Amino acid sequence: MSHDTAMNNERLSAVRLASSPALLRTARIDEQNRLYAKLTSTPIRAWNMEASELHDAVMTQACQLGEDAMIQEGLGPPPSYYAFIAFGSAGRAEPTLWSDQDNGLIYGGDNTEQITSYFEQFGIKLSAILEHVGYPLCSGNVMVSNPLWRGNLQTWARRFMGWRDILAWEQVRYLMIASDMRHICGDVSLYSSLRRTLKEIMELDQGIQQDMNAAILRNTVRHKAALNILGQVITEPTGEHAGDFDVKYGMYIPIVNAVRYLALQYGIESSSTWERISQLYQLEAVPPRWMESCRRAFDTAVKLRSMVPPTLEDGMLTGTHYLPQEMLKQKEIRRELRESLSTVRLMYRTLQRQHRYAERKGL
């Protein structure tokens, strides 16, 4: 065991030994405070890895507490093996300290009433435990409590096929969410099987694959304009965050979406944006200078996203995705922001040209 692994195990021992949601919340708060204190003094990728490891440990222990609660309530242990998976920023292993829930469940066996009823109750209970320990409910309802995001392998396969066959905006969004899935705990073979199923369905028919690529590109090129024609950062015009910059939807998500699109085109299965960039670089899928600019912009996006000043709610750090005006006045932040947003604009101009070409070709 390496020194870093041993240190990490020691740091997270309170999380892994928490015997109740209250104790798990306390352990998470302690570790969250420690990580936030070292944000500006640690390279962003190393810091992000620690943040992701914390979330993985908390979510894994929440699953254990969910099982314990089901037994205590007389519902018994899981009637089949299962895997808990994450989507969104947790699926890409690039969360903030205050990310919300984006998760799902795969379970083994058939869709018997006993199995589906058990995991329905387990999903609702698990989502409630996660909310208690500091994970807000997902505004898009991508959670184990929603039957759309849990099921056995056959159910998930039918779901993927249905989304692929419709290819409307919402169904394409679901496929993009699914492509970011990552195993957190439970039976890893279920996760691996579902990954293979998704890949096979998305590559099943060349004609459908072309239609799907066009649909994914159509969804991808939609993004919030973040620089005006003079190269100035566009901030929120009105409302609670007037004058602030939306770092999530103005910079972070556009990079994630563009890199995901390119990764899907080249058959890259990793859910991590950093890993996707690295593999695209190795494949020489795009010009190296373009990819290097993208990597730097993504580093900046992840760093600024986590530097948003948090607030305390019952001891838990919570945050928005808006950089306040005060931070935008800092010379170094303003420089990094403009450079990164210039890269994003270049990326999207390239993809938009590709989209217009695909539309003309389809006419």
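Me: What lines the second largest cavity in this predicted model?
Reply: The lining consists of H55, M59, A90, P95, S99, D100, Q101, D102, N103, L130 and Y135. The model is predicted.

Me: What makes these lining residues count as lining?
Reply: A lining residue has an atom within 4 Å of a cavity point. H55 and Y135 are among the residues that line the second largest cavity.

Me: How do the residues of this lining divide into nonpolar, polar and charged?
Reply: Five are nonpolar, four polar and two charged. Asp counts as charged, and D100 and D102 are in the lining.

Me: Which residues lie nearest the centre of the largest cavity?
Reply: K199, M202, E203, L264 and I268 do, out of 18 lining residues. Helices α9 (188-202), α10 (206-220) and α11 (247-265) each give two or more residues to this lining. The volume is about 250 Å³.

Me: Why is Y281 called partly exposed?
Reply: Its relative accessible area is 43%. Buried means under 20% and exposed over 50%, so a value in between is partly exposed. Y281 lies in helix α12 (residues 273-283).

Me: Why is strand β4 described as largely enclosed?
Reply: Four of the five residues of β4 (residues 182-186) are buried, so the rest of the structure largely encloses this strand.

Me: How do you know that β1 and β4 pair?
Reply: Pairing needs at least two bridges. Strand β1 (residues 82-86) and β4 have four, in the antiparallel sense, so they pair. C185 in β4 is the bridge partner of F84.

Notes:
Residues numbered from 1 in each chain as written. Predicted model: local features only at pLDDT ≥ 70, side-chain atom pairs only at ≥ 80, totals over all residues. Heavy atoms only, no water. Buried < 20%, exposed > 50% of the residue type's maximum accessible area, 1.4 Å probe, protein only. 1 Å grid on protein atoms, 1.4 Å probe; cavity = no way out; pocket = protein on both sides within 12 Å on 5 of 7 lines; lining within 4 Å. Points joined across faces, edges and corners; volume = space filled by probe spheres on them.
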